[in-house]
Amino acid sequence: MLHHSISHWRRALTAGQISPTELVQELDAAMRSKNPAINAFISWDTEAALAEAAAADLSLPLGGIPIAVKDNICIQGQPTRCASRMLGNFTAPYDATAVCRLRAAGAIPFGRANMDEFAMGSAGENSAFGPTHNPANTQHVPGGSSSGSAAAVAAGMAIAALGSDTGGSIRQPASHCGVVGIKPTYGRISRYGLVAFASSLDQIGPVTQNVEDAALLLNVLCGHDAADSTSSLHPTEDFTAGLSGGVRGLRIGLPVEYTSAGNAPEVEAALQKAIRTLTEAGAEVVEVSLPHAEAVVSAYYIIACAEASSNLARFDGIRYGYRVPDSAGLSDLYSRSRGAGFGSEVKRRIILGTYVLSGGYYDAYYTKAQKVRALVAQDFTEAFKSVDLILGPVAPTPAPRLHDDSLTPLQVYLSDIYTIPANLAGLPAISLPVPRAGELPVGVQLLGPHFAETRLLGAAAALEAAWS
C-alpha cells in the first residue's frame, strides 16, 4: 500500500481518505515490520513526526507527507551521526536548509536513513550501525552511500527520501534498488546543514517512487541560500511543467566510452532497451565521445579524498565527536579518538587525501587531478554542442552480493565510473529503473547541461511512461 507516489498521497490526504497522523502511523508500522531485515533506518522519532502531522497544513504543496532524510543532513533535535561512531552522541542544533524547505512546504521529516559512514562507500556496507540490505534480495547490497534512502523508498518504508550525491551516491543506489534518484546541478540545492565529505562535489537530491515525485521535491528544495557560499543564483522554476513534453526532436548522445565490454549483460540490455524506447518516441540517439572518461575515477578519488582529509580534520574528540576515556597527552587523544571513532574506509580515504596534499605530492597528484577535472568538464561542454542530453549506464553491474571479499577497494571504486563524471562537471543527472528482466533492478542514467533539469526530467518521464 505504501508504494504510492507523493501525488497519490496528496490526493488521499486532501480528500480526507487518510489523515497525516494515520499516514505517519502506517509508515511507522512498515518501519517496525521491515527495517530489521533491511536496516534502511538508523532511527526514527514517531512521537515528533506525529506532533508535526497533527499540525500539518494540507494546503501546502507537500502538506502531511513524511519524507525520510539521510543521516548526514541535519534535523534539529534529531541525531545526525553520518552512520559513524565518531558522531554517535551528536544531536543537530539546527535544520539543514533542505529540511527547512521541506517543512515550509508542509512535509514531515521522518526517519534517519542509514548510509555509508560519512558518505564514503558504494555499497551501504560501511556503516557503524550495520549494512543496509537490498529489498529486492537481502543477500545483495543496495548501493551507496545513500543506501538507506534508496532501500527505504524501494521497500515501502518511505514515500520519498533525501540523499546526498558526491560521486553517484543517489543515482547508484537508486539503480540498484529500482527507484528514481536525481542529482541536480551543483549549487541548485543548498548544502547548508549537510555534513561535508567533499565540498566541491557533494549535492543533496531526492530519491523517489517516480519522476514526477522527483520534480515535485525539486520544486521545493531548489533556490538560492545565502547561508551556502556555493549556492547558485540561477532562477528557480516549476520542474513539473515539462514532464509531458516528451523526447520528440531531442538528440540524445551515447558515449562510445560507456558501451564497454566490461558492462554486465543485464546493464547492456537495459541500455539497449532505453535506446529503442527513445528512438521509438521520436528522439535521435547518436554517438558522442568523452575522451577523458578513463581518467575520471583516478581524478575523483584524489580530489574527494583530499577534501575529505580537510573536512574531517574537525572531528578531533575535543570540540565534538568521539573521545577516548583516557589519554597520555593531546597527540595520543587525537590519534586514539580518531582511530576508534572512524571506520576503516573513512581512515583509508583520510590517509590517501592527506598524502596527496602533502609537500612534494600536491602538484603531482592534487593539481593534476584538478586539471583532469577541467578536461572532463570540457568534454561535456563539447558534447552538449551537438546533443541535448546524454544517456548511459548507472553502474557496470547490478548490485553485488553483500560482503563480497573477492572485490578489492579499487574494484569497488570503479563501480562509480559512470556516475562520477556528473559530479566532477557539476551536471544534473537522473537514474531511473528499467523494467526488470532479472532478479535485481538495473537503471539507466540521463545527464544534461547545467541547469537543464526540466529537460532531463521530461525525457525521464517519457521513458517511464513508455515502460509503465
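Q: Leaving aside neighbours within four places in sequence, what is Asp 71 in contact with?
A: Asp 71 touches Ile 42, Pro 79, Thr 80, Arg 81, Cys 82, Ala 83, Arg 112, Ala 113 and Met 115. Contact means heavy atoms within 4.5 Å. This is a predicted model: local features need pLDDT of at least 70, side-chain atom pairs count only at pLDDT 80 or more, and totals for chains, interfaces and linings use all residues. Residues are numbered from 1 along each chain as its sequence is written, and side-chain values use heavy atoms, with hydrogens and water left out.

Q: Where is Asp 71 placed?
A: In the loop between β2 (66-70) and α4 (97-104). Helices (H or I, at least four residues) and strands (E, at least two) are DSSP runs, numbered from the N terminus.

Q: Is Asp 71 buried or exposed?
A: Buried, because its relative accessibility is 0%. The cut-offs: buried is under 20% relative accessible area, exposed is over 50%, partly exposed is in between (1.4 Å probe, protein chains only).

Q: On to α4. Which residues are buried there?
A: Thr 97, Ala 98, Val 99, Arg 101 and Leu 102.

Q: What covers them?
A: The cover includes β2, β3 (108-113), β4, β6 (204-208) and α7. Just after α4, Gly 106 has a positive phi of about 95°.

Q: And α1, what does its buried side pack against?
A: The buried residues of α1 pack against α2 (20-38), β4 (160-164) and α7 (211-221). Those residues are Ile 6, Ser 7, Trp 9, Arg 10, Ala 12 and Leu 13.

Q: Why would residues three or four places apart point the same way?
A: An α-helix has 3.6 residues a turn, so they do.

Q: Switching to rings. How many aromatic pairs?
A: There are 14. Rings of Phe, Tyr and Trp (its six-membered ring) pair if their centres lie within 6.5 Å; planes under 30 degrees apart are stacked, over 60 edge-to-face, the rest tilted.

Q: How do Phe 380 and Phe 384 pair?
A: They are stacked, 6.2 Å centre to centre with 25° between the planes. Both Phe 380 and Phe 384 are buried.

Q: Which rings form a cluster?
A: Ring pairs link Phe 90, Phe 118, Phe 315, Tyr 320 and Phe 342.
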